[in-house]
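Subject: Structure for you to look at

Hello,

Here is the structure I said I would pass on. Please open it first, and then read the notes below it.

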2 protein chains.
Amino acid sequence: MEQESRLAGTVRPGGRTAKVRAAVLTATQDELVERGFHGLSMDQVAARAGVGKTTVYRRWGTPSGLVADLMNELADESSPHADTGTVEGDLRANALSVLQAVTDPRLGATFQAVIAAATCDEEAAKALRAFYGRRVEEWAKAVDRAVGRGELPPGTDAKEVIRAVSAPLYYRLLVTREPVTAEAAERSALRALAAARAGAFAEGA
Amino acid sequence: MEQESRLAGTVRPGGRTAKVRAAVLTATQDELVERGFHGLSMDQVAARAGVGKTTVYRRWGTPSGLVADLMNELADESSPHADTGTVEGDLRANALSVLQAVTDPRLGATFQAVIAAATCDEEAAKALRAFYGRRVEEWAKAVDRAVGRGELPPGTDAKEVIRAVSAPLYYRLLVTREPVTAEAAERSALRALAAARAGAFAEGA
């Protein structure tokens, strides 16, 4: 019984623990989008979620704890890698999924808030690292399959190819503050692919 | 006389206006590094610079105005593009200059603070766009020369090649929060070069 109660959030997805978590994470994301990480307050999240403050403090501890759990949930929700049959199709799909995420008003604002927080908060940085670690690993499978099919040279660093597809889009979004367009996404996928085909992502390259 | 006085900061670099500006920008950078953009206060910058508050408010207006002028100064100070004789040498030099900037404790923290600010402040975003616009344009000259020497295909988009060299390093720094190493810089230069040689940066590619 004790074990069942402790795991209630996982074994009964519709249970009270799961409902509280869903409400708190939705409120956390709302607050992040509206106020940014610096404006994120445990009390305000509790009020917005309709949950007791004590529960929020006990379960998540700090604003960084809320952000870490939110990023974990977003990673759970995010789509698996594409399987279009060609590496070109899969890398384009990856670039488009990044484009969609960063240009989605709610999701894009959430990422930007967490990325900003991570520049000065180690817990937020850790949450970000975990999120992108999972995303890169998931999409790297498409590149590994392409190597298996002989579309890319043996020894190609699959994770690095995926990072190379995403990097120019985040660079525009965050650093040069230039528009992130479908054209930019398309080109990013094709350039990473050209370099991969040339062996620039292979071991010892 | 009126014109001379108005331009005092530019025509007499050692003059009082220039000294005030240097002190205020140094204090702005100190405060950014220590407190981040959200902690940047006009009064604190004035006190730290040993300059009257009225001067700071009249000349820079807002914290964003201070950041914009600081980024302008950093662009002025940053080194011109390399001219090693080969595109490979020049792109490696570019990657290393990015590496040095982002791993320099003071400069790296400054960029991270302004990048974080730009996610929620349009003036900071504008300052960032202007800074990187100038840097990309400066280094693009090296790629244009490589096209002229026949090292890269005609029609190669020089600015996009430079963005492609920098992007993976900022992506690691800001998004996946992975270490930005000399090896990552080297690889980034060689991968952009491989894609450029394959024609993936040429018009219509």
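A term to begin with: a salt bridge is a side-chain nitrogen of Lys or Arg within 4 Å of a carboxyl oxygen of Asp or Glu. Side chains of opposite charge can pair when their charged atoms come close. One such pair is Arg172(B) with Glu160(A), where the closest N and O atoms are 3.3 Å apart.

Some notes on the source. This is a predicted model, in which local features need pLDDT of at least 70 and side-chain atom pairs count only at pLDDT 80 or more, while totals for chains, interfaces and linings use all residues. Residues are numbered from 1 along each chain as its sequence is written, chains are lettered from A and ligands numbered from 1 in the order in which they are written, and side-chain values use heavy atoms, with hydrogens and water left out.

The two chains

How many residues of each chain are in contact? Chain B puts 31 residues in contact with 31 residues of chain A, where contact means heavy atoms within 4.5 Å. The size of an interface is often given as the accessible area lost when the parts come together. Between chain B and chain A about 3100 Å² is buried, and 62% of it is on carbon and sulfur atoms. Buried area here is the accessible area (1.4 Å probe) that two parts lose on being put together, summed over both. On the chain B side, Tyr171(B), Arg177(B) and Arg191(B) lose the most area to chain A, and together they make up 23% of what that side buries.

Six salt bridges are found across the interface of chain B and chain A. There are also twelve residue pairs in polar contact between these chains, both residues being at pLDDT 80 or more. A polar contact is a pair of N or O atoms within 3.5 Å; within protein, one must be able to donate a hydrogen and the other to accept it, and residues adjacent in sequence count only if both atoms are side-chain atoms.

Which elements of chain B give two or more residues to the side that touches chain A? They are α8 (105–118), α9 (122–148), α10 (158–176) and α11 (182–197) of chain B. Helices (H or I, at least four residues) and strands (E, at least two) are DSSP runs, numbered from the N terminus. The largest share of that side, eleven residues, comes from α10(B). By class, the side of chain B that touches chain A has 19 nonpolar, five polar and seven charged residues. Ala, Val, Leu, Ile, Met, Phe, Trp, Tyr, Cys and Pro count as nonpolar, Asp, Glu, Lys and Arg as charged, and the others, Gly among them, as polar.

Arg177(B) lies in the loop between α10 and α11 of chain B. Its phi is near 55°, a positive value in a residue other than glycine. Arg177(B) counts as buried because its relative accessibility is 15%; buried means under 20% relative accessible area, exposed over 50%, and partly exposed in between (1.4 Å probe, protein chains only).

The two domains of chain A

Chain A is assigned domain 1 (2–65) and domain 2 (78–197), with bounds that come from an automatic or database domain assignment. Their centres, taken over C-alpha atoms, are 29 Å apart. Nine residues from domain 1 of chain A and ten residues from domain 2 of chain A take part in the contact. About 780 Å² is buried between the two domains, with carbon and sulfur atoms giving 62%.

One salt bridge is counted between these domains. The side chains of Arg106(A) and Asp30(A) meet in a salt bridge at 2.6 Å, N to O. Helix α3 (residues 16–35) of chain A gives the most to the side of domain 1 that touches domain 2, with five residues.

Salt bridges within chain A

Over all chains the structure holds 42 salt bridges. Asp30(A) also pairs with Arg48(A), at 3.6 Å between the closest N and O atoms. Arg48(A) is in helix α4 (residues 42–49) and Asp30(A) in helix α3 of chain A, 18 residues apart. Asp30(A) is buried at 17% relative accessibility, whereas Arg48(A) is partly exposed at 36%. A network of salt bridges links Asp30(A), Glu31(A), Glu34(A), Arg35(A), Arg48(A) and Arg106(A).

Regards
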